Amino acid sequence: MTLRSGAEPAGTVTVEPALAAARRLAPEFAGRAAESDRTGEFPVADFADLRAAGLLGLMVPERLGGAGAGFADYAEVAMALAAGNGATALIFNMHASVTGAMALTDDSIARALGVPESYFAMRDRVLTAAAGGALYAVAMSERGAGSRLSEIATTYEKVDGGWHIAGAKAFCSGAGHADAYLVAARAGDKISQFLVPAGIPGITVEETWDALGMRATCSHDIQLDVVVAEDALIGGIEGLGVLLAQVMPQWLVASYAGVYAGVAQAAVDAAATYVTARGLAKLPAVRARLGRADAAAAAARQVVLEAARRVDSAPGEPATNRWVWRAKLIAGQTAAEVAASMLEACGTGASRRGHPLERLYRDARCGSLQPATSDVCADWLGMAALGLDPENAAQVARW
């Protein structure tokens, strides 16, 4: 993990203490996870702890009061948080994908894309707020379109002093609890993204989330009919949405991977505790399942970290992006397979509602379903293995 040093503003954390804080908080999150899963309510106490620890500023540069973390640092923290509560880690992931994309896009690259100087003031204001405890959510997916940006129906248009955005979003983790939403919208063929403050008129949260797993993420639907300021446009120029998804897929693909690698490890740990307590460790078949799961979880972790290190050292490079897609595929599949095997190793007693393994089994199953799904990841990788262009030669657009 990359270490950073230097004087820090009061109330913030450096990267090393951030990871220590995540590991310290994980048992607290685990103790609350069953109740938030049962009720489907937002993990308010968990996010109070995250704010108090300064972790909402993890991806924010030190000059703006944050920890200055890179992507590999984020992956370590995400895995640690997911060991406590996957739902909390998943909401945190969405926040980190907003702050990380803003913080870790080099100014020279942004300027090469044509970003106006006015954008940087907006970016710094958003990141400073995150270091102070603001929480951001992502409102990209839509019913019928999923996460395919090219298919979204939410529209935007220029109006006096800003932008009018209208449409409906689904699967917005943290809906009703975020301070602002990153909203994808279209104007003809142009797909753009806007940071929409949660408190303005015209936002309605519909409490629709009642799902198999990750129940405490409050991934509700959002109805939008809002006017936002001119500088709410991310990057300050239109039409960047699909381009950024293609060249920086880590924020839409691999950021999930750390969460599900952490869930996989949590399932192994929960099973080991249960097996020991129930005297099942004497059974070779049980031990063999634990052994295979341990190896699979460790392998998934290493793939996630390899992808994350490459994102930090060579973002956007073809080899880096290939590892990004590998990380999401392997983490999602591994979590589901490991959790299922651990439940079978422990038996019916661990399948009772409220048992940690029962919750982890359901949470883990969501990893392959979230964007990009395991089938989409595998197809992307298959095209790359065949020497094809997985972004532009696919019969159906990835985004």
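Guide: Residues are numbered from 1 along each chain as its sequence is written, and side-chain values use heavy atoms, without hydrogens or water. In this predicted model, local features need pLDDT of at least 70 and side-chain atom pairs pLDDT 80 or more, while totals for chains, interfaces and linings use all residues.

Visitor: Why is Ala339 called buried?
Guide: Buried means under 20% relative accessible area, exposed over 50%, and partly exposed in between (1.4 Å probe, protein chains only). Ala339 has 1%, so Ala339 is buried. Ala339 sits in helix 10; helices are DSSP runs of H or I, at least four residues, and strands are runs of E, at least two, numbered from the N terminus. Ala339 and Ala364 are 25 residues apart in sequence, and 6.6 Å apart C-alpha to C-alpha.

Visitor: Why is Arg125 called partly exposed?
Guide: Its relative accessible area is 46%, so Arg125 falls in the partly exposed class. Arg125 belongs to helix 6. Between Arg125 and Leu64 there are 8.8 Å in space, C-alpha to C-alpha, and 61 residues in sequence.

Visitor: What makes the nonpolar surface patch?
Guide: Ile109, Leu113, Leu243 and Val247 make it, over about 290 Å². Patch residues need over 30% relative accessible area and no salt bridge; nonpolar side chains (Val, Leu, Ile, Met, Phe, Trp, Tyr) are joined within 5 Å, like charges within 9 Å. A salt bridge is a side-chain nitrogen of Lys or Arg within 4 Å of a carboxyl oxygen of Asp or Glu. Areas come from the Shrake-Rupley method with a 1.4 Å probe, and for residues only the protein chains shown count as cover. Ile109, in helix 5 (residues 107–112), has 46% relative accessibility and so counts as partly exposed.

Visitor: What makes a cavity, and what makes a pocket?
Guide: Both use a 1 Å grid over the protein atoms alone. In a cavity, a 1.4 Å probe fits but cannot get out; a pocket is an open set with protein on both sides within 12 Å along at least five of seven lines. Lining residues have an atom within 4 Å of a point.

Visitor: Which residues line the largest cavity?
Guide: Ser192, Gln193, Leu233, Ile234, Ile237, Leu240, Gly241 and Leu244 do. Strand 5 (190–197) and helix 7 each supply at least two residues of that lining.

Visitor: Which residues are closest to the centre of the second largest pocket?
Guide: Of its 32 lining residues, Val247, Met248, Gln250, Pro315 and Gly316 are closest.
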